[in-house]
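Trainee: I would like to learn how to read the features of a structure such as this one, taking them one at a time. Could we begin with the aromatic rings?

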Amino acid sequence: MIVLRKEQVKALRELAHRTFTDRMVVLLSQHFPGDCRVLGEAQVRTVIRLGIEQALRAEIELGSDVCRYIALMFALGSHFEADPQLPWAAEALARPAGASARMADLYRTASDHLRRIAGPRGEQYRRALIRVRKIPYAELALPLSGDPGQELRAVLGRIHESKLLAMADPDWQRMLELGLAAVRRYRLPVGEGAPVYLGLMLLLGSHFDRDPLHPWAAQVLVDSDIESPSLRARELHRRAIVRLVQALGRDPLSGDEEHGLL
């Protein structure tokens, strides 16, 4: 009988981890070429590491299931399991079933959701990116009168109405509370900052500010060199437009475009 020492077992696990990560880099580059190109391989590996950690916390250990989990991170945002816009994700992961059954249910529900709100080929999402690119920064500002929630919903409806309509009122309220709390935490001006911040939540996921898929967002939000709250909101908007244009590819509605974020 061959008995492996602890250090040998550790080495084998590390080798399996590296092999899996290398395979994921290749797969993600095939299915999300635009995102992987912009992120660079080192950052893609950072996302993969986070995905492995989160999958294991959810007791998802089979390689094919972890692969699906990481693919959903690219499609929905790295922290989709805690996103108030996607309550069904946490519900699917918490069901009393085997890990593969839970993952299959989650993947099926997510695919249905994406077809409904982004379109069969993501065309509704790409049109949302085009719309937000064309809206001047000044037109996003809230008048700061009446109900901020209602005003924000009207602004966001101009960006991605299908996704907004898919949300139940309690989910919208949770997203709104989370977004306004983040606006205060990052000291953004409510009138200018809230529409930009919540618009990015709608497009990129509610926790885009700590998502390794969008490192540029955290860089802007915590940049100590940007002292003015208004300038921080404007820079967040500017950097977002640059990233969204990159996500669109050369010809976003030709049918030959690269895969987008959703």
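Mentor: Rings of Phe, Tyr and Trp, the last by its six-membered ring, pair if their centres lie within 6.5 Å. With that in mind, and remembering that this is a predicted model, you can see that Tyr186, Tyr197 and Phe208 form one aromatic cluster.

Trainee: How many aromatic pairs does a search of the whole structure find?

Mentor: The search finds 4 aromatic pairs. In general, a pair of aromatic rings is described by the distance of the centres and the angle of the planes. Phe32 and Phe74 form a tilted pair, with 5.1 Å from centre to centre and 35 degrees between the planes. This pair links distant parts of the chain, since Phe32 is in the loop between helix H1 (6–31) and helix H2 (33–39), while Phe74 is in helix H4 (residues 63–76), 42 residues apart. Both Phe32 and Phe74 are buried.

Trainee: Why is the pair of Tyr69 and Phe80 tilted?

Mentor: The ring centres of Tyr69 and Phe80 are 4.9 Å apart and their planes are at 45 degrees, so the pair is tilted, given that planes under 30 degrees apart count as stacked and those over 60 as edge-to-face. Here too distant parts of the chain are linked, with Tyr69 in helix H4 and Phe80 in the loop between H4 and helix H5 (87–94), 11 residues apart. Tyr69 counts as buried because its relative accessibility is 1%, and Phe80 is buried with a relative accessible area of 0%.

Trainee: Which rings have a charged group over them?

Mentor: Arg68 lies over the face of Tyr107, at 4.4 Å from the ring centre. The charged end of Arg185 sits over the ring of Tyr186, 5.0 Å from its centre, and Tyr186 belongs to the aromatic cluster with Tyr197 and Phe208.

Trainee: How should I read the packing of two helices?

Mentor: Two packed helices are described by the angle between their axes and the distance between the axes. Helix H7 (residues 123–134) and helix H9 (residues 148–166) pack at an angle of about 170 degrees, and their axes are 9 Å apart. That angle makes H7 roughly antiparallel to H9. At the meeting of the two helices, Gln124, Tyr125, Ala128, Arg131 and Val132 in H7 meet Arg158, Ile159, His160 and Ser162 in H9.

Trainee: What is Trp216 in contact with, leaving aside its neighbours within four places in sequence?

Mentor: Trp216, found in helix H12 (residues 215–221) and buried with a relative accessible area of 8%, is in contact with Leu200, Leu204, Leu236, Arg239, Ala240 and Arg243. The C-alpha atoms of Trp216 and Leu236, which are 20 residues apart along the chain, are separated by 8.6 Å.

Trainee: What does the protein as a whole come to in helices and strands?

Mentor: Its secondary structure comes to 13 helices and 0 strands, and buried residues make up 47% of the 262 residues.

Key
Residues numbered from 1 in each chain as written. Predicted model: local features only at pLDDT ≥ 70, side-chain atom pairs only at ≥ 80, totals over all residues. Heavy atoms only, no water. Helix = DSSP H or I, 4+ residues; strand = E, 2+ residues; numbered from the N terminus. Buried < 20%, exposed > 50% of the residue type's maximum accessible area, 1.4 Å probe, protein only. Lys NZ or Arg CZ within 6 Å of the ring centre and 35° of its normal. Axes fitted to C-alpha atoms, helices over the stretch in contact; angles between N-to-C directions. Parallel < 35°, antiparallel > 145°, perpendicular 65-115°, else oblique. Contact = heavy atoms within 4.5 Å.
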